Amino acid sequence: MIDYVLPLRWEDDSGLGELTAYLREVSRHARVVVVDGSPEELFERHAAAWRGLAEHVRPAGDLRFANGKVNGVLTGLRLARAEHVVIADDDVRHDERTLARIDALLGGAELVRPQNHFDPAPWHALWDTARTLLNRGLGADYPGTFGVRRSFFHHMGGYDGDVLFENLELIRTVRAHGGRELRPLDLYVPRRPPDARRFWSQRVRQAYDDLAQPWRMALFLPVLPALAACAVRRRYAPVVAGAGAAVALAELGRRRAGGRRVFPATAPLFAPVWVLERATCGWLALGAALCGGVPYAGRRLRRAAHSMRSLRRAAGSARPSLFVRSLRGAARSVRSSLRVAQPGRRSGSLDARKPVALCEPSQNGFVDERPQRHSATVARPAGMTSPS
């Protein structure tokens with residue numbers, strides 16, 4: 001049996017009926033945990049609708065991350081019972097086949113990263129699909145659902161929630177702790193598109209994610225100056241060539257792993273439009289970063305995601321503490337044996353302590369220090385001691 005964790009926070013219940021029908025179907029194949037941060041009136045309505053379909057709870061009170069989704073994910077993983085767990089946004093729509101595939105893949109990995117596609121696909125979904133296809137052309141996209149191994153998730157201590165790009169933070173944290181990641185490009189999971197208003201509200205916020213991937217930011221920021229230079233000089237050939245390259249790369253992403261089955265043929269045509277959008281919003285995101293971060297849920301998030309270097313450093317500092325405990329246990333055993341073998345000696349004497357000292361961690365290796373943790377039991381890398 002696989003567990004299904006759904007974090008959500010709603011301000012209205014316009015989609016309650018459709019989501020309830022979906023949860024009823026999912027509950028036939030998985031144990032469902034819904035972590036609901038909605039206002040009290042909506043929470044009670046959800047509890048009545050989902051009684052018998054899911055374990056419906058509030059986010060844990062000790063979690064205070066700026067990114068509320070992470071509070072929901074961590075709460076859900078605390079309540080999960082199965083070793084294999086699917087995490088999914090409220091707009092993701094799994095079925096028996098996709099759940100079974102993730103369950104099987106988690107037998108050989110700690111993280112499974114499926115591929116989302118919009119269903120249905122109105123004009124703004126086609127626009128955003130161009131981003132997905134460009135990411136697929138270069139590697140893989142960032143979905144709204146993952147499969148994780150519960151024991152490994154707890155072993156690494158969860159992940160930090162004071163970041164904007166929480167999906168990338170989860171992926172990097174798993175990698176930093178030595179976890180295996182699978183990216184099956186043919187594992188297609190549909191998701192419902194946002195309405196047009198929400199789509200527009202997410203443009204700068206999604207561009208802010210590129211601060212966690214500097215090479216992407218460095219790629220997009222010069223686009224507007226280059227277009228302006230071409231316009232001044234009336235040289236349009238480079239513009240046409242760049243637009244054609246974007247369409248070709250998106251089409252490559254569409255054709256990978258049978259993507260033509262789920263991605264509309266018109267979606268690659270939106271690639272130049274999306275590149276122009278990201279080039280514009282990249283400058284706005286950079287300005288937001290200089291002003292203290294991007295607005296999110298009444299706060300400002302400064303950090304998009306932590307670098308692999310800082311997460312590896314945090315993971316490395318967490319591992320010695322496990323080994324130190326075993327060393328301390330060995331030291332206690334040696335000390336006890338010395339007391340038995342030499343009852344006449346005081347345990348605090350120099351001779352009695354010398355063998356134990358051989359088992360003590362050195363300053364160049366391990367030190368006996370308390371694990372560095374924040375409020376969600378996540379080992380923080382350097383620079384994570386204050387909210388992002």
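This is a predicted model: local features need pLDDT of at least 70, side-chain atom pairs count only at pLDDT 80 or more; totals for chains, interfaces and linings use all residues.
In β2, Ala-30, Val-32, Val-34 and Asp-36 point one way. Arg-31, Val-33 and Val-35 point the other way. Residues on both sides are buried, Arg-31 and Asp-36 included.

Two strands pair with β2. Strand β1 (residues 2-8) runs parallel to β2 and is joined to it by 7 bridges. Within this pairing, Asp-3 stands opposite Arg-31. Strand β3 (residues 55-57) is also parallel to β2, with 3 bridges between them. Here Val-35 stands opposite Val-57. The chain passes from β2 to β3 through helix α2 (residues 40-49), in a right-handed β-α-β crossover. A right-handed β-α-β unit is likewise made by β1, helix α1 (residues 16-26) and β2.

Helix α2 has a buried side. Its buried residues are Leu-42, Phe-43, His-46 and Ala-47. These residues cover an arc of only 140 degrees around the axis, so they lie on the same side of α2. The elements that cover them include β1, α1, β2 and β3.

The largest nonpolar core holds 41 residues. Leu-77, Leu-111, Phe-153, Leu-170 and Tyr-208 touch the most other members. Beyond residues up to four places away in sequence, Tyr-208 touches Leu-164, Ala-285, Ala-288, Ala-289, Gly-293, Val-294, Leu-301, Arg-302, Arg-303 and Ala-304. A second, separate core contains 26 residues. Tyr-22, Val-26, Ala-54 and Val-86 are among them. In soluble globular proteins, nonpolar side chains tend to be buried together.

Two further buried positions lie in helices. Asn-167 is found in helix α7 (residues 166-176). Its relative accessible area is 10%, so Asn-167 counts as buried. Leaving aside neighbours within four places in sequence, Asn-167 is in contact with Lys-69, Pro-143, Gly-144 and Phe-146. Ala-314 belongs to helix α14 (residues 308-341). With a relative accessibility of 4%, Ala-314 is buried because this value is under 20%. Ala-314 and Thr-173 are 141 residues apart in sequence. In space, their C-alpha atoms are 9.5 Å apart.

The structure holds 0 disulfides. Cys-230 is buried, with a relative accessible area of 15%. Cys-291, in contrast, is exposed at 60%.

The peptide bond from Asp-119 to Pro-120 is cis, with omega near 5 degrees. Pro-120 sits in the loop between β6 (115-118) and α5 (123-138). Ala-257 is not a glycine, yet it has a positive phi of about 50 degrees. The loop that holds Ala-257 lies between α12 (237-255) and α13 (271-290). Ala-257 is partly exposed, at 35% relative accessibility. Ala-297 also has a positive phi of about 50 degrees without being a glycine. Its place is the loop between β10 (294-296) and β11 (299-301). Ala-297 counts as exposed, because its relative accessibility of 68% is over 50%.

Key. Residues are numbered from 1 along each chain as its sequence is written. Side-chain values use heavy atoms; hydrogens and water are left out. Helices (H or I, at least four residues) and strands (E, at least two) are DSSP runs, numbered from the N terminus. Buried means under 20% relative accessible area, exposed over 50%, partly exposed in between (1.4 Å probe, protein chains only). Contact means heavy atoms within 4.5 Å. Two strands pair if DSSP finds at least two bridges between them. A crossover is right-handed if, with the strands pointing away from the viewer, the path from the first strand over the helix to the second runs clockwise. A nonpolar core is a set of buried Ala, Val, Leu, Ile, Met, Phe, Trp, Tyr and Cys residues joined through side-chain atoms within 4.5 Å. A disulfide is a pair of cysteine sulfur atoms within 2.5 Å. The arc is that of the directions from the helix axis to the C-beta atoms.
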